[in-house]
Amino acid sequence: MDALGVYVLTFNCARNFVDVDAFANHFFDALPASGAGSSAPDLIFLSLQEIAPIAYSFLGGSYLLPYFDAFRRAVQKASTQKWDQHYVNFLNDNTGMTGLMLFARDDTLRKIAWRDTAHVGFGVQEMGNKGAVGARLGYVVEGNSSETVDLTFVAAHLAPMEDSYEQRNMDWKSIVERLVFTHDSNGPAERSSLDENTSLLEDAASAHAEGSRRDLFAPNAYLFLAGDLNYRTSNIGPSTREIEQFPRRNVDLDHPSHYSHLLKNDQLVREMSYGRTFHSLSEAPIDFPPTYKYSDAAREAARLGLDTDDHEWKWSNHRWPSWCDRVLFLDKPWAGEAGKVKPLAYNALPLFAQSDHRPVALVATVPLRPSDASSNTENIRAVAPFSIDPSWKSKRDMARRKELVVGAVAYLGLTREGNGLLLASLLGIIGAWFILRSMLEV
C-alpha cells in the first residue's frame with residue numbers, strides 16, 4: 001500500500017439523535033462509484049456539531065455515550081452493507097457540543113502507533129457551545145518500525161450569523177493559538193488500548209515523542225479540518241425580494257438561480273483569498289448545492305422519504321442558503337508533489353430529517369511517506385500564522401469548570417431526568433423536615 005485512504009464526514013446534528021438506518025443507507029454516498037476512492041477507506045473521521053443537548057454535551061462522559069453509539073452503529077451498518085467490512089471506533093472525544101469520532105478498518109488499526117487529543121472552546125466565556133476538538137495519530141510506515149505518517153484531525157464549530165465572519169476568523173485564530181497537543185510535555189502520547197503493543201508500535205511512539213511539535217501546524221503532520229464553519233453567502237440576512245433569488249433545482253448553469261452564482265459570494269473563499277482565515281489550508285472544488293439552511297418542509301419531506309428531485313429546494317426564508325459545512329486540508333509541502341493529499345471526491349449527502357444541514361464528505365488519500373522533515377529543512381512548512389497562547393491550558397481548565405456548572409444546571413432544569421432528580425430531592429427535603437419536626441415535638 002502506498003497511500004492511506006481517508007473518509008472525512010462533517011454533520012451538524014442539531015442536538016438530535018441520528019436516525020441510524022437512514023444515515024447508514026447514505027453514509028458512503030460521497031464515494032466514487034468505481035475506480036480510485038471507491039474501496040473501503042483505511043480511516044474514517046466524523047466531525048459532529050451540536051451532537052447533543054447542552055446539558056449532556058457539557059457534562060460529557062456517559063451522558064454522550066448514546067449519541068456516539070448511534071453513529072458507531074450507523075458506520076458499522078454502512079460498512080457491512082457496502083463491503084462486509086468491520087471498522088473499530090478507537091477514539092471518541094468532544095469539546096462541549098462538538099464531537100470527534102475516529103474509526104479504523106480492522107487491518108489498519110494495528111498500525112496506529114499512538115494518538116493524542118486537544119481541546120479549545122470559543123463560545124460564551126470560552127466554553128464549548130462553539131469550539132474545536134482535535135486528534136493527532138501516527139500510522140506506522142510498512143517496513144519502517146521507527147517512523148510514522150502523522151495525521152491531525154480537527155472537528156470545529158464556529159460562530160453563526162451572516163455578519164459574524166470576522167468572529168469566525170477570530171475563532172480560527174483561537175484554534176491555532178489554543179488547540180495544543182500535550183504529549184511532548186507529558187511523555188509519550190496515549191497508546192491505543194486496542195492494539196497488542198508490539199515492538200513496532202513502541203518504537204514509532206518513542207520516536208514521535210522525541211521530536212514533534214505541539215501546535216496545529218507541525219511540519220511533520222497532515223491536517224484535516226472539518227465542521228460547521230458557518231461562513232455564509234452574504235454579510236446580511238436576505239430581504240423579501242432576495243428570497244426569490246434563492247437557488248433552485250434543475251436549472252441551467254447560466255440561470256440566475258443556479259447555485260454556482262451564489263457560491264461566488266462565499267465568505268470563506270473570500271476570507272481565505274485575503275489571507276484572513278484558515279491560512280495555508282485547501283479545499284476541493286465545490287460542485288454541490290448549499291448545505292444550509294433547509295426549511296421544516298424540506299426536513300418533513302426527508303422524514304417521509306419523498307423524492308424531491310422534481311421540486312424546488314425549500315430554504316428557510318430568514319437565512320441565506322450557504323455552504324456552512326466544509327472539509328479543509330493541509331498538505332506537507334516539503335514532501336513535494338508526491339507527498340500531497342489527493343482529493344478524490346467532495347460531495348454533500350442527502351438531507352436528513354433531524355437537521356437543517358446536509359452532511360458533507362471528502363474522500364482523499366494520504367501518501368504513506370515517513371513524517372520526518374529533517375532531511376529537507378529548506379522546504380519545511382511555513383510557521384503557524386499565530387503563536388501558541390501561553391495561557392491556553394489555564395483558559396481551557398477554567399472554561400471546563402464553567403461547562404460543568406452550566407451542564408449541571410441545564411441537566412436539572414431542562415431534562416426529564418434532571419427534573420425528576422430535582423423533584424425527588426425536594427420531596428426528600430420536605431419529608432426530612434416533617435420527620436425532624438415530629439421528633440422535636442416528642
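Biologist: Is F246 buried or exposed?

Modeller: F246 is buried, with a relative accessible area of 5%. Keep in mind that this is a predicted model. Every value here is computed from that model.

Biologist: Where does F246 lie, and which residue does F246 pair with?

Modeller: Start with the general idea. A pair of aromatic rings is described by the distance of the centres and the angle of the planes. Now the case. F246 and W320 form an aromatic pair, with centres 5.4 Å apart and planes at 50 degrees. That pair is tilted, because only angles over 60 degrees count as edge-to-face and those under 30 as stacked. F246 lies in the loop between α8 (240-243) and α9 (259-263). W320 lies in the loop between α11 (296-304) and β9 (325-330), so the pair ties together parts that are 74 residues apart in sequence.

Biologist: Is W320 buried or exposed?

Modeller: W320 is buried, with a relative accessible area of 7%.

Biologist: How many aromatic pairs are there?

Modeller: The count comes to 25 aromatic pairs. Take F11 and F352 as one of them. Their centres are 6.2 Å apart and their planes make an angle of 70 degrees. This pair is edge-to-face.

Biologist: Where do F11 and F352 sit in the chain?

Modeller: F11 is in strand β1, residues 3-12. F352 is in the loop between β10 (342-348) and β11 (360-367). They are 341 residues apart, and the pair links distant parts of the chain. F11 is buried at 2% relative accessible area. F352 is buried too, at 5%.

Biologist: Which residues form an aromatic cluster?

Modeller: Eight names to find on the structure: Y7, F11, F23, F27, F28, F71, W83 and F352 form one cluster. The pair of F11 and F352 belongs to that cluster.

Biologist: Which charged ends sit over rings?

Modeller: Look for an arginine end placed over an aromatic ring. The charged end of R168 sits over the ring of Y231, 5.2 Å from the ring centre. The charged end of R270 sits over the ring of Y165, at 4.7 Å from its centre.

Biologist: How many salt bridges does the structure hold?

Modeller: The structure holds 20 salt bridges. To read one, find the side-chain nitrogen and the carboxyl oxygen. In one of them, D107 meets R105, with N and O 2.7 Å apart. D107 is partly exposed, with a relative accessible area of 37%. R105 counts as buried, at 10% relative accessibility.

Biologist: Which residues do shared partners join with R105 into one network?

Modeller: Salt bridges that share partners join D42, R105 and D107 into one network.

Biologist: What separates E403 and R400 in helix α12?

Modeller: E403 and R400 are 3 residues apart in helix α12, residues 392-414, so about one helical turn separates them. Their side chains meet in a salt bridge, 2.9 Å from N to O. E403 counts as buried at 0% relative accessibility. R400 counts as partly exposed at 28%.

Biologist: Which peptide bond is cis at K293?

Modeller: First, the general idea. Most residues other than glycine have a negative phi, and most peptide bonds are trans. Now the case. The peptide bond from Y292 to K293 is cis, with omega near 5 degrees. This is the K293 that forms a salt bridge with D356.

Biologist: What phi does A14 have, and what phi does N250 have?

Modeller: A14 has a positive phi of about 55 degrees, although A14 is not a glycine. A14 is in the loop between β1 and α1 (20-26). A14 is partly exposed, at 21% relative accessible area. N250 also has a positive phi, of about 60 degrees, and is not a glycine. N250 lies in the loop between α8 and α9. N250 counts as exposed, at 62% relative accessibility.

Note on methods: Residues are numbered from 1 along each chain as its sequence is written. This is a predicted model: local features need pLDDT of at least 70, side-chain atom pairs count only at pLDDT 80 or more; totals for chains, interfaces and linings use all residues. Side-chain values use heavy atoms; hydrogens and water are left out. Rings of Phe, Tyr and Trp (its six-membered ring) pair if their centres lie within 6.5 Å; planes under 30 degrees apart count as stacked, over 60 as edge-to-face and the rest as tilted. Helices (H or I, at least four residues) and strands (E, at least two) are DSSP runs, numbered from the N terminus. Buried means under 20% relative accessible area, exposed over 50%, partly exposed in between (1.4 Å probe, protein chains only). A charge sits over a ring if NZ of Lys or CZ of Arg is within 6 Å of the ring centre and within 35 degrees of the ring normal. A salt bridge is a side-chain nitrogen of Lys or Arg within 4 Å of a carboxyl oxygen of Asp or Glu.
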